[in-house]
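Hello,

Here is the structure I promised to pass on to you. Please have a look at it first, and then read my notes below.

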Amino acid sequence: MMTAPQLSAPHERIRTGRMRHNAERWSWMFMRISGAILMLLIFTHLIVNLVLGEGVSQIDFAFVAGKWAAWYWQVADFLMLVLALIHGGNGMRLLINDYAHRTTTRKVLHSVLGVAVVAVIVLGSLVIWTFDPCPVDADPSLLPGFCASVAG
């Protein structure tokens, strides 16, 4: 006579946000909303950079400089950077909660993840907001056309 196999109890999910009221619910909502916004930003980015104009061959320093000369492209790219990193960081946080069962390991991984997310956001923000589309000593053939009128 065959018997049904014994099933072991699943690992208990690590509770997070115990001290924060509805933290996991807000995290879940953030992931859905940021995912929808990211889809819009990424497809706009891809269409503008790869489909419109001359396609991928148009991408060089002058293209990026011309694009970031408009404030709305800087805002769009900054928003995409911040949302993507927080969205990805939150997803990695959930994976750490699922697979790191020891408290010390989980805390170390969460700390490393937090430092990495903040560092990349800060460095990316510096690039976006301090970008000079017309550097003084640059080869003029590599610069966008409007730099000639800015230089005088």
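A word on terms before the fold: helices (H or I, at least four residues) and strands (E, at least two) are DSSP runs, numbered from the N terminus. From the N terminus on, the elements then read α-α-α-α-α. In total, the chain has five helices and zero strands.

Please keep in mind that this is a predicted model, where local features need pLDDT of at least 70 and side-chain atom pairs count only at pLDDT 80 or more, while totals for chains, interfaces and linings use all residues. Residues are numbered from 1 along each chain as its sequence is written, and side-chain values use heavy atoms, with hydrogens and water left out.

**How the helices pack**

Let me begin with α3, which covers residues 71–99. Its axis and that of helix α1 (residues 23–51) come within 9 Å and cross at roughly 140°. Axes here are lines fitted to C-alpha atoms, for helices over the stretch in contact, and angles run from 0 to 180 degrees between N-to-C directions. Angles under 35 degrees count as roughly parallel, over 145 as roughly antiparallel, 65 to 115 as roughly perpendicular and the rest as oblique. α1 and α3 are therefore oblique to each other. In their contact there are 15 nonpolar, eight polar and three charged residues. For these classes, Ala, Val, Leu, Ile, Met, Phe, Trp, Tyr, Cys and Pro count as nonpolar, Asp, Glu, Lys and Arg as charged, and the others, Gly among them, as polar.

α3 also packs with helix α4 (residues 103–130), at an angle of about 175° and with the axes 10 Å apart. α3 and α4 are therefore roughly antiparallel. Their contact has 15 nonpolar, six polar and three charged residues.

L81 is buried, with a relative accessible area of 19%; buried means under 20%, exposed over 50%, and partly exposed in between (1.4 Å probe, protein chains only). M92 is partly exposed, at a relative accessible area of 40%. Over the chain of 152 residues, buried ones make up 28%.

**Rings and charges**

How many aromatic pairs does the structure hold? There are five, where rings of Phe, Tyr and Trp (its six-membered ring) pair if their centres lie within 6.5 Å; planes under 30 degrees apart count as stacked, over 60 as edge-to-face and the rest as tilted. One of them joins W71 and Y72 edge-to-face, at 5.8 Å centre to centre and 85° between the planes. W71 is exposed, with a relative accessible area of 60%, whereas Y72 is partly exposed at 48%. Y72 also pairs with W73, and this pair is tilted, at 6.1 Å centre to centre with 50° between the planes. W73 counts as buried, at 18% relative accessibility. Elsewhere, F61, W68 and F131 form one aromatic cluster.

A charge sits over a ring if NZ of Lys or CZ of Arg is within 6 Å of the ring centre and within 35 degrees of the ring normal. The charged end of R25 likewise sits over the ring of W26, 6.0 Å from its centre.

Enjoy exploring it!
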